[in-house]
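My entries follow in the order I made them.

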Amino acid sequence: MTDMSRLLKPVPRYTSYPTAPHFHKGIGPEQYFGWLAALPPDAHVSLYLHLPFCDRLCWFCGCHTKQVNRYDPIAVYLEALTTEIRTIGAIVGERPVTAVHWGGGSPSMMTPEDIVAVNQCLRTAFRLTPDAEFSVELDPNDMDEERFDAWSFAGMTRASIGVQDFDPKVQQAINRIQTFEHTKGVVDAVHKRGVKSVNIDMLYGLPHQTEAGAVETARQVRSLGPNRVALFGYAHVPWMKKHQTMIDENYLPDAAERFRQSLAAAAVFTDGGYDRIGFDHFAMPDDSMAIAARTGTLARNFQGYTADRHDALIGLGASAIGRLPQGYVQNVVATHEYQRRILAGEGALERGVGLSEDDRVRGYAIERLMCQFELDFSDLRHRFGAAAEPVIEDAISFAGDDPDELAYLLPGRLMVSDKGRPFVRTVAASLDAYLAEDKARYSKAV
Ligand SMILES: C[S@@+](CC[C@H](N)C(=O)[O-])C[C@H]1O[C@@H](n2cnc3c(N)ncnc32)[C@H](O)[C@@H]1O
Ligand code: SF4
């Protein structure tokens, strides 16, 4: 019989392996610069730039950001960010940059002049390929004609638009008021400027949200015709994000209701012709993410699922995380300390983790499970030789003791069952060598 408490046990989201709580201060700027310099000359590079500011604070928000009501802190931050861009760009040199992602926080808060100037600096410091993807997280409430023009001029190819939920009662409970009409205006405005790809984020598990309400929001989102949708479960972690204490826990849906909301909202997208990607994304069949899922090249990074294949992900800005062939790295989180270190000529790198051979095998196996819902043992052996064996043993032993029937064995592979797909994080956790000793707390599995 299914034990829901086992299924809903908090597990990591596996946007990296080892997961972020295992990053440590033993990795510093010098090692990081060495790792960067050792990248092969033709390594494909992806850039993530973080703007940790918003002009309002949504109470559900789990991102690294803070509210500002003046522009000066952003101007000071951008001075540091452009300095870091130039420093890292000088090391990376001519290696091709195939993708840029601006996240936050709200990069949409920058003035049009700064949007143009910072991206000009980026293009001078790095060699962006002519077909590089360029995505930007836009808070619809920040946007005006000049900002649309500036991001379009900067080269935006995908707008990632936060919706969360359209029900006014939910919006009030999360302190994020945003009408459907205004959001539609943002989608129209980016389309008008030739931006072909739109991603929309929506959430389930929010205070006052109901199954019917999640379906209604999903229908409204679908009517906007996004190429991609991210359907995230609200992660309530008030012990880490103080402002989430503003959310009245009495109105949060319980685990079973969250699960129903996720299934019902998902059905709106699959019924509307979207392919289901991993456990929390949807994409139109002609979108690069759907193509990557079909061809087995879908990957996972700190933004979640991605179709972008790169050899190195470089994070720029406070709290930004990067992934290099040698390991993971993260810049210092506190904005002031980030600025101080960068402007003092010190590196902003705060922590990281070098990858052991076992980390690589388990990281690859977990990524394949999360992206493809299966793990091919011969592929693992082919890539990693004898180091694959302990991981294969763990996979076989999970399937042998799986009362919830989340996964099963076929000759030479572990398959996640249809029932197990929403719980793929739990299957992946069976391959996580760190978890047993882990004291870190994670958000709910669904
Ligand atoms: C950096 S934020 C959004 C960018 C932009 N500032 C906005 O609000 O539209 C990226 C996305 O993370 C998701 N997110 C933020 N906090 C979350 C939480 N506590 N649980 C789950 N998803 C969350 C939201 O869907 C949000 O749109
Ligand atoms: S959801 Fe977006 S706008 Fe709201 S606080 Fe978080 S980053 Fe800022």
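**Ground rules.** I count a polar contact as a pair of N or O atoms within 3.5 Å; within protein, one must be able to donate a hydrogen and the other to accept it, and residues adjacent in sequence count only if both atoms are side-chain atoms. The model is predicted, so I note that local features need pLDDT of at least 70 and side-chain atom pairs count only at pLDDT 80 or more, while totals for chains, interfaces and linings use all residues. Residues are numbered from 1 along each chain as its sequence is written, chains are lettered from A and ligands numbered from 1 in the order in which they are written, and side-chain values use heavy atoms, with hydrogens and water left out.

**Entry: H50.** I started with H50, which lies in strand β1. Helices (H or I, at least four residues) and strands (E, at least two) are DSSP runs, numbered from the N terminus. The H50 side chain reaches the backbone oxygen of H64 at 2.9 Å. It also makes a polar contact with the side chain of Y48, at 2.7 Å. Is H50 buried or exposed? H50 counts as buried because its relative accessibility is 4%. My cut-offs are under 20% relative accessible area for buried, over 50% for exposed, and partly exposed in between (1.4 Å probe, protein chains only). I then listed contacts, meaning heavy atoms within 4.5 Å. Leaving aside neighbours within four places in sequence, H50 touches residues including H64, Y77, G104, G105 and L316.

**Entry: ligand 1.** I checked the polar pairs next. A backbone N or O atom of F60 sits 2.8 Å from a nitrogen atom of ligand 1. In the side chain of R176, an N or O atom is 2.7 Å from an oxygen atom of the ligand. For D201, a polar side-chain atom is 2.8 Å from an oxygen atom of ligand 1. Taken alone, ligand 1 exposes 560 Å², and the protein buries 89% of that. These areas come from the Shrake-Rupley method with a 1.4 Å probe.

**Entry: ligand 2.** I read off C54, R56, L57, C58, F60, C61, G105, S106, D139 and R176 around ligand 2. That shell splits into five nonpolar, two polar and three charged residues.

**Entry: A230.** I found A230 in strand β8. A230 counts as buried because its relative accessibility is 1%. A230 and M202 are 28 residues apart in sequence, yet their C-alpha atoms are 6.2 Å apart in space. Beyond four places in sequence, A230 contacts N199, I200, D201, M202, D280 and H281.

**Entry: helix α4.** Helix α4 (residues 112-125) has 14 residues. Its first and last C-alpha atoms are 20 Å apart, close to the 20 Å expected at 1.5 Å a residue. The expected span is 1.5 Å times one less than the number of residues. Buried residues in α4 are P112, I115, V118, N119, C121, L122 and A125. They pack against β1, α3, β4, β5 and α5.

**Entry: helix α9.** G273 follows α9 with a positive phi near 95°.

**Entry: backbone checks.** Which peptide bond near P18 is cis? The one from Y17 to P18, with omega near -5°. P18 lies in the loop between α1 and α2. A cis peptide bond also joins G104 and G105, with omega about 15°. G105 is in the loop between β4 and α4. I then looked at phi. N175 has a positive phi near 60° and lies in the loop between α6 and α7. N175 is partly exposed, because its relative accessible area is 30%. E405 has a positive phi near 55° and lies in the loop between α14 and β18. E405 counts as exposed, at 54% relative accessibility.

Methods:
Near = heavy atom within 4 Å. Nonpolar A, V, L, I, M, F, W, Y, C, P; charged D, E, K, R; others polar.
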